[in-house]
Structures are given as C-alpha cells and as structure tokens.
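Work through the exercises below with the model open. Try each task before reading its solution.

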Amino acid sequence: RAWFHLDRRSGENRGNVWFVEDDVAGSPDCFSEIHRITSLVDADLSTCSLRGQAEDEQWPHWGFGDRYFLNPTRSFNPLCRLRERLISVILEFRRNHGKFIFLEVLFASLVAEHGYSFLDWTADSNTLPIFQAFRFCPEIDFPYDGICHPVKNSDVHAAICLGSIAHHRA
C-alpha cells in the first residue's frame, strides 16, 4: 500500500521514506539515534547487510535479480530509509517491468546500478552497536538492547520498545 500512495504522489515532494516492519523493535532512544546518524549521512539507501553477489555467492535469492541487473546487490530491509530519488527509480522500475521484484534485491541493485549512495548500518562503526540483535532468524525471544528483528512475541517486543532490557547481546 505504501508504494501505491508514493506513486500517487508523483511530482510532489515525497521526501525521505522510512519502512519499518512490524517485527522490528527498539527503544525511542535507539530510533532517535539511528535517525540522527542516518540524517547526517543522508544516503540514498540506509539499511543493513549490503552485499554484492561476489561477496555472498551462496545467498539463495540472487535469481530474483539476474534477469534485471548485470551485477545484482542485496540488502536486508526490515528497517530502511530511502531518499526521494531512489523512490522515483524504484517506481520507474515497476512501470518499466510491470512489477516489483524481491525488495532485498531491488533496492540495493538500483542503488548500485545508478551509483547512488548507501549507508550500511551493520558495517558502520557508529551504527553497528545499535543492531546487535538484527537478523533474519532465529526469532528474538529475549529483550536485547538496540533495534531488534525479528521480534514476534508481543511481550518481548514491548520490553524492547520500553527499554526494559537486561543488557544482553545476541
């Protein structure tokens, strides 16, 4: 639905857009800090785990991008920030191809193809400590410091968001 609304705002100033999946949890202080750092860098794509195919040949989802990109790139996007010009390029991709592809391939590959800037939160020394428990799986089952994913248990999610942390690290 977000892409529908962004597309309808074509020609308007869309600004930067943050996407946050419902199983991402973090305290207000952590989100404020990641917002502050991300705003200072102001990259076209801010997300986690950006890798080219040569860096991660075993990743099972490269096939989603092979048909569309000479050098597919991937990212991990449960939480990400996109600048307006990247949003326009993503919507143009959909118009040209009649669909989106796996967003973990689409966002990063378009950034690489257009020579746009990126901030990999899990590779930056200022942001890495905020993402110690941020992964695809297993599920986060205990409240950790920082921004966490995937957090499916509502009690754990609430504890993380409220900052009721026992100072554990993943």
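**Exercise 1. Helix H5 and its end**

Solution. The model is predicted: local features need pLDDT of at least 70, side-chain atom pairs count only at pLDDT 80 or more, and totals for chains, interfaces and linings use all residues. Residues are numbered from 1 along each chain as its sequence is written, and side-chain values use heavy atoms, without hydrogens and water. Helices (H or I, at least four residues) and strands (E, at least two) are DSSP runs, numbered from the N terminus.

Next, check the length. The expected span is 1.5 Å times one less than the number of residues. For the 12 residues of H5 that gives 16 Å, and the end C-alpha atoms are 16 Å apart, so the two agree.

Then look at burial. Buried means under 20% relative accessible area, exposed over 50%, partly exposed in between (1.4 Å probe, protein chains only). The buried residues of H5 are Glu104, Val105, Leu106, Phe107, Ala108, Ser109, Leu110 and Val111. Their cover includes H1, E2, helix H3 (63–66), E3, H4 and strand E4 (118–120).

**Exercise 2. The nonpolar cores**

Task: Identify which residues touch the most other members of the largest nonpolar core.

Solution. A nonpolar core is a set of buried Ala, Val, Leu, Ile, Met, Phe, Trp, Tyr and Cys residues joined through side-chain atoms within 4.5 Å. The largest has 26 residues; Trp3, Leu45 and Leu82 touch the most other members. Elements giving two or more residues to this core include helix H1 (2–8), strand E3 (73–82) and helix H5 (103–114).

Now take Trp3. Contact means heavy atoms within 4.5 Å. Beyond its neighbours within four places in sequence, Trp3 contacts Phe19, Leu82 and Phe107, among others.

A second, separate core has 13 residues, including Val24, Cys48, Leu79 and Phe131.

**Exercise 3. The cysteines**

Solution. A disulfide is a pair of cysteine sulfur atoms within 2.5 Å. Cys80 is buried, at 1% relative accessible area.

Cys161 is in no disulfide either; the nearest cysteine sulfur, that of Cys148, is 8.8 Å away. Cys161 is partly exposed, with 25% relative accessibility.
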